[in-house]
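Hi,

Here is the structure I promised to pass on. Have a look at it first, and then read on for what turned up.

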Amino acid sequence: MTKLLNILLLFVTIVTFSCQKEVATNDMVLRSEEKDNNYISDSDLPSLNFKEKYYVSAYSDLYYQQGNTKFHCTVVLSLRNISLEDTLYFTDIKYYDSKGKLVRDYIKKNLVLKPLESAEYIVEQQEKEGGVGANFIVEYGTKNTPKNKALIEAINIGNFGRYGFSFKSDAVLINE
């Protein structure tokens, strides 16, 4: 009887653990793909005759229920050079919290995007500093007025229970 009970216990254990989905640790955290991007120092930056600065809202926190509870989202800042000819030079990419305090300076050198290249910068879901009014300030330029300006947007990704959602935030030109 003991042998039968041990076999039954072993069978139940095997079935229980084989039904568990294994989650790879590298799937749990997103990282910016900075290693693939091309950066240059200020001394290598050409003279930029065209410059623009943009504000991009980042919904790293969202309220739900009666507005007294928040949940966190992943935010992907997407920078795309949609030009077939012009190279774009991003000179500033900063992330601010709801009070306008700098949380993160994403680039120490200037980011170069050749025609049709793109770059992404990620605010991970675990980040709790940005708040509901978080935002990016992005500045870029070109040697001459580009035929096509940069496409700058944030993709906000979250889940509520078992339901996932995403929406984008368009960049707004800052006139100074």
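Where is the place of Leu116? Leu116 sits in the loop between β8 and β9. Keep in mind that this is a predicted model. The phi of Leu116 is near 70°, a positive value in a residue other than glycine. Leu116 also counts as exposed, because its relative accessibility is 58% and the cut-off for exposed is over 50%.

Now for the inside. Nonpolar side chains tend to be buried together in soluble globular proteins. Here, the largest nonpolar core has 25 residues, and those touching the most other members are Leu77, Leu79, Phe90, Ile93, Tyr121, Phe136 and Ile152. Strands that each supply at least two residues of this core include β2 (50–57), β5 (74–80), β6 (88–96) and β11 (151–160). The largest share, four residues, comes from β6.

The structure holds eight aromatic pairs. One of them, Tyr59 with Phe167, is tilted, with 5.4 Å centre to centre and 55° between the planes. This pair links distant parts of the chain, 108 residues apart: Tyr59 is in the loop between β2 and β3 (61–64), while Phe167 is in strand β12 (residues 163–170). Tyr59 counts as partly exposed at 30% relative accessibility, and Phe167 is partly exposed at 30% as well. Elsewhere, ring pairs link Phe50, Tyr54, Phe90 and Tyr140 into a cluster.

Cheers

Note on methods:
Residues are numbered from 1 along each chain as its sequence is written. This is a predicted model: local features need pLDDT of at least 70, side-chain atom pairs count only at pLDDT 80 or more; totals for chains, interfaces and linings use all residues. Side-chain values use heavy atoms; hydrogens and water are left out. A nonpolar core is a set of buried Ala, Val, Leu, Ile, Met, Phe, Trp, Tyr and Cys residues joined through side-chain atoms within 4.5 Å. Buried means under 20% relative accessible area, exposed over 50%, partly exposed in between (1.4 Å probe, protein chains only). Rings of Phe, Tyr and Trp (its six-membered ring) pair if their centres lie within 6.5 Å; planes under 30 degrees apart count as stacked, over 60 as edge-to-face and the rest as tilted.
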